[in-house]
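Subject: Structure handover

Hi,

Here is the structure I promised. Please open it next to this email; my notes follow below.

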2 protein chains.
Amino acid sequence: MKLDRLVGDRFRERPADCIVDSHAFMVRGGYVKYVANGIFSSYTPLKRVTKKIEQILREEMDRVDGQEVQFPVVMPASIWQESGRYESIGKEMARFNDRNSSPLVLGMTHEEAAVHLVREYGQSYLKYPFMVYQIQTKFRDEARPRAGLIRVREFTMKDAYSFHTSQEDLEEYYKRCHEAYERIYARVGLPQVISVASDSGMMGGSVSHEFMLLTGIGEDSIVICNDCDYKANMEAAECIIKPMRDEVSKEFEKVHTPGAHTIEEVCEFLKCEPKDSCKAVVYQRNADDHYVVLFIRGDLEVNETKLTNFLGYDVHPAIITDECGLVAGFIGPVGLKGECTVLYDRSLMGRNNLVCGANEAEHHATGLDMQRDVKGAEYHDFAKIQEGGICPVCGKESITISRGIEVGNIFQLGTKYTKSMDMTYLDKDGKTQHPIMGCYGIGVGRLAAAICEEHHDDYGPIWPLSVAPWQVHLCAVRADDEEVRAYADKMYEDLTNAGIEVIYDDRKVSAGVMFSDADLLGVPYRVIVSPRNMKQGVVELTARDKSFSESKSTETATEEIINLVRENLKF
Amino acid sequence: MKLDRLVGDRFRERPADCIVDSHAFMVRGGYVKYVANGIFSSYTPLKRVTKKIEQILREEMDRVDGQEVQFPVVMPASIWQESGRYESIGKEMARFNDRNSSPLVLGMTHEEAAVHLVREYGQSYLKYPFMVYQIQTKFRDEARPRAGLIRVREFTMKDAYSFHTSQEDLEEYYKRCHEAYERIYARVGLPQVISVASDSGMMGGSVSHEFMLLTGIGEDSIVICNDCDYKANMEAAECIIKPMRDEVSKEFEKVHTPGAHTIEEVCEFLKCEPKDSCKAVVYQRNADDHYVVLFIRGDLEVNETKLTNFLGYDVHPAIITDECGLVAGFIGPVGLKGECTVLYDRSLMGRNNLVCGANEAEHHATGLDMQRDVKGAEYHDFAKIQEGGICPVCGKESITISRGIEVGNIFQLGTKYTKSMDMTYLDKDGKTQHPIMGCYGIGVGRLAAAICEEHHDDYGPIWPLSVAPWQVHLCAVRADDEEVRAYADKMYEDLTNAGIEVIYDDRKVSAGVMFSDADLLGVPYRVIVSPRNMKQGVVELTARDKSFSESKSTETATEEIINLVRENLKF
């Protein structure tokens, strides 16, 4: 198409509210228009990118025997009540009543709809395994939409659901999907995406992986071992603690620590290290504000995902009232008063000579020996792994922590949904069983943003050919020149007829404006037709990624470009 | 793909709740699954049909210089408040508040979003005209979803919005879109779709057309002249009345009509025809129940669209209370009491010797002369046109009324949205102007259902090749026969490699089950490979529409089928 007809404005200034580059370029290049917090309209260039991503997703899902279907965006609350998630999911699910006061929800994921679609079909073991997928709009009322298309409220997602009669079959299929995901990322230009073990969160199930693009602007922390191939999401990474214990235990002694509330203040006052202290972190159960006191080594942080997974309910940081019996800033494991659940992190197991709170205002204690003073304590893993920490697989102190964007995830769901929604089949022996599920998601807009994040320079995106809005950007510099006009028009026609996607700029603007617009549209190949070039019988062919810039004879240029695009489109 | 892997059940019995054939076949053939009233999931066969329809829509929209974009499904109330429709649209728009109590709506149409997307872009006359379109999920909380996919609450729609600097330019473009729509219907197998002038309803604007498939199950009434090419939606059709007046006016006289309330009862009692009576039809304004009394000839019905368009507000049939002053069943234009708006239909203009109510219980009057007795009455067109009525274009009494399904609509919107949302551009002379809009919609699912309605037999749909879920249905009858298996497998592979879409049935089921499943899937070409055929060195090639059934040599069958599909796919 002709650039002067392309709806959307391009401009030079980086908008002040754009923190990440992909967001800035999508706004500056006329890709998106802000409609509301976390809600955007897409102009044609982005729509063309996302359609290409969607086609790649479709091809790879079909390749692993997926069947494209479509679930509704608006669903009756009833199917979410069946699974129990109508209650367990909070404000992120949009809910409303229809004209007859029936409660409806907007789909933020479609496990319930998938089970609903296939539960009559899948009544015999002979029908298994099968997988259905869709590419559809979803809405999730995120508390903090951010970074343009990275975290939005309304988004298009490819979500797939597989059904199996055995864990082995699920695992085999899960592996195929993992490979399909690797192919997808390679095809869209992100072969460097890694998969990391992750926590399954509200999805249920045990084994799951997130696909991560490592980048400083990512909002996820990824734990990577430099010595073996261990990779995990921070939420899922086990924190290994080297056992430590002094040979001699000192006596448990109360000390006056006026004004020292935080671990840092207490340690400075008592001249010890935070790693030799026992810190109390207090939460409250969301449902009824019941207190949960977690003791952990003073230098470690609590991994709240591990905590809520262990508890089986959601909690929030506590507000400690005068009536509750807890003495804020001075809580310790010995002589703890107040009604609360008490938990101990593994980092305290076997430790002695620790500093802790004395459960009395302005007082701490020294010489805490967990074995001697806290009888019967059970220890679990609640701590966040730290840079330089111990790898849970190879055991070396080789953990690094990187930032990343999650660009996909896959889950082994087990029977969480088929049990709660009572989907059954008869097995070979005529016995009733619940099928085992897997699910597999990729957000289309976020993937487009991640590609842009990874592939850009100071002037705009550098779209990989496979997802570029157009394949060739044809610039007719001085289209009022008769020879330029005739040649460029002919090339536009010939390329288009050969099935090449061309954006054609024949505007009466300076070469500078033309090129900066072309940079913002990020089309991989650029052809420049100008009076000067014409005189030499050539056109200029350059790559957006600056990997080459060549003069091509006007005689053969069109054919060479067609071949170049066709050759590089092959996968 | 192989039929035995296709998710979804097919069955013989017509479900009791399916009134129309397309609904019954879509349920029986494993195309849709009911989720909630007016909300369905689609299985793969329907998804494949709708994707093909969408691709045809895309190609035809691109051909009239449309640019594909995407608006959000969830929109902030604010842009609907700008246009005024947040208030004027009723319960059919779904509304909810997000976690921060900001009001959001689900898009049922996207004029507001379109203006929002382009109002910065379109600030100079040089940018015009342009058109943007999307294919996207919409939700409209219909009071009465019905007939399967014909009238649903959630649906996928192609909606397009054009912007112009003059009415002439809009009209020219509107014509191009009309032609694009004709091509679309022809391409999906419905060349018989007609366009009719229609009422613009809540969309605003004056000129609009609906595209109608005439069918007995349609919910719209279409007025068609058998003598000229006049066609209109019932709502928009002008009702022409032949002037009538007796030479001599009788006296206005009150008569006792005990127990006669309806027009029929009164006319029988007074021995006259309904067409010689003046009927009162009473409404109330939705906002405040203010009464509106409309007098119309006794044999005519009120066209409520004309009424509300005239009034400028919505009304509902009245509940006449004792206090309001109106005497239900005996209302007449002479001596009418009570506070109300009084209107007169054109059918009463100049009439005399009419029967009417006397505004007194159990009494009517005869000898009503509108000229003599109802001074200063203004007459407007509020009547529904009737079968055999007068054509407003050619003037002949040649009107027939048909049922139809609306499968698309186009509107000249004018400046309703650009004015209310303050979208302006500078014209050639530097003057600020509001652009003029057109909009163009087609519902994808309804179009699929309409195609099925029009193209089916007693056994299932007969999909046109252009939108069929697959192009060839390959039946291997007795696939356990070695020769059958080898030949059919090879044909499946060869056809698939040639880019032909094949559904391959190699199940161990009877030929009867195979063929009835094939009928339900409605694939245009069917190939039967069986032991008996193999012995004769042939396969059987039949058309789903029964237009041919031929034996083809096993040597050449594959190639012939490839050619047949390619030849017939050309448009």
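In chain B, β17(B) and β20(B) pair in the parallel sense, over 2 bridges. Asp345(B) stands opposite His380(B) of β20(B). Bear in mind that this is a predicted model.

**The sheet in chain B**

That pair belongs to an open sheet of 5 strands. The order is β16-β14-β15-β17-β20 (chain B), and the pairing is mixed. Two strands of chain B stand at the edges: β16 (315-317) and β20 (379-380). Each has a single partner strand, so one side of each is left without a neighbour in the sheet.

β17 (residues 340-345) also pairs with β15 (residues 291-297) in chain B. The sense is parallel, over 5 bridges. Val292(B) stands opposite Thr341(B) in β17(B). Leu294(B) stands opposite Leu343(B) in β17(B). As a general point, side chains in a regular strand alternate between the two faces of the sheet.

A helix covers part of this sheet: α8 (residues 304-311) of chain B lies across β15, β16 and β20 of chain B. Its direction is at about 140 degrees to β16(B).

**Helix α6 in chain B**

Helix α6 of chain B spans residues 167-187, which is 21 residues. From first C-alpha to last, α6(B) reaches 30 Å. That is close to the 30 Å expected at 1.5 Å a residue.

Which residues of α6(B) are buried? They are Leu170(B), Tyr173(B), Tyr174(B), Cys177(B), Ala180(B), Tyr181(B), Ile184(B) and Tyr185(B). These cover an arc of only 135 degrees around the axis, which puts them on the same side of α6(B).

What do the buried residues of α6(B) pack against? The partners in chain B are α2 (44-63), β8 (154-164), β10 (208-214), β21 (399-414) and β24 (436-443). The face of α6(B) turned away from the buried side carries exposed residues: Glu168(B), Glu172(B) and Lys175(B). After α6(B) comes Gly189(B), with a positive phi near 95 degrees.

**Backbone points to check**

In chain A, the bond from Tyr128(A) to Pro129(A) is cis, with omega near -10 degrees. Pro129(A) sits in the loop between α5 (111-118) and β7 (130-139) of chain A. In chain B, the bond from Tyr128(B) to Pro129(B) is cis, with omega near -10 degrees. Pro129(B) is in the loop between α5 (111-118) and β7 (130-139) of chain B.

Two residues of chain B have positive phi without being glycine.

- Ser101(B) has a phi of about 65 degrees. Its loop runs between β5 (95-97) and β6 (103-106) of chain B. Is Ser101(B) buried or exposed? Ser101(B) counts as exposed, because it has 6 C-beta neighbours inside 10 Å, and the cut-off for exposed is 12 or fewer.
- Arg478(B) also has a positive phi, about 65 degrees. Arg478(B) lies in the loop between β27 (472-476) and α12 (482-497) of chain B. With 17 other C-beta atoms within 10 Å, Arg478(B) is partly exposed.

**Domains of chain A**

The domain assignment of chain A gives domain 1 (16-237 + 401-453), domain 2 (253-380) and domain 3 (470-569). How many Å separate the centres of domain 2 and domain 3 of chain A? The figure is 68 Å, taken over C-alpha atoms.

Best wishes

Definitions and conventions
Residues numbered from 1 in each chain as written. Chains lettered and ligands numbered in written order. Predicted model: local features only at pLDDT ≥ 70, side-chain atom pairs only at ≥ 80, totals over all residues. Pairing = 2+ DSSP bridges. Helix = DSSP H or I, 4+ residues; strand = E, 2+ residues; numbered from the N terminus. Contact = placed C-beta atoms within 7 Å. Axes fitted to C-alpha atoms, helices over the stretch in contact; angles between N-to-C directions. Expected span 1.5 Å × (residues − 1). Buried ≥ 20, exposed ≤ 12 C-beta atoms within 10 Å, placed from the backbone. Arc of directions from axis to C-beta. Domains from an automatic or database assignment.
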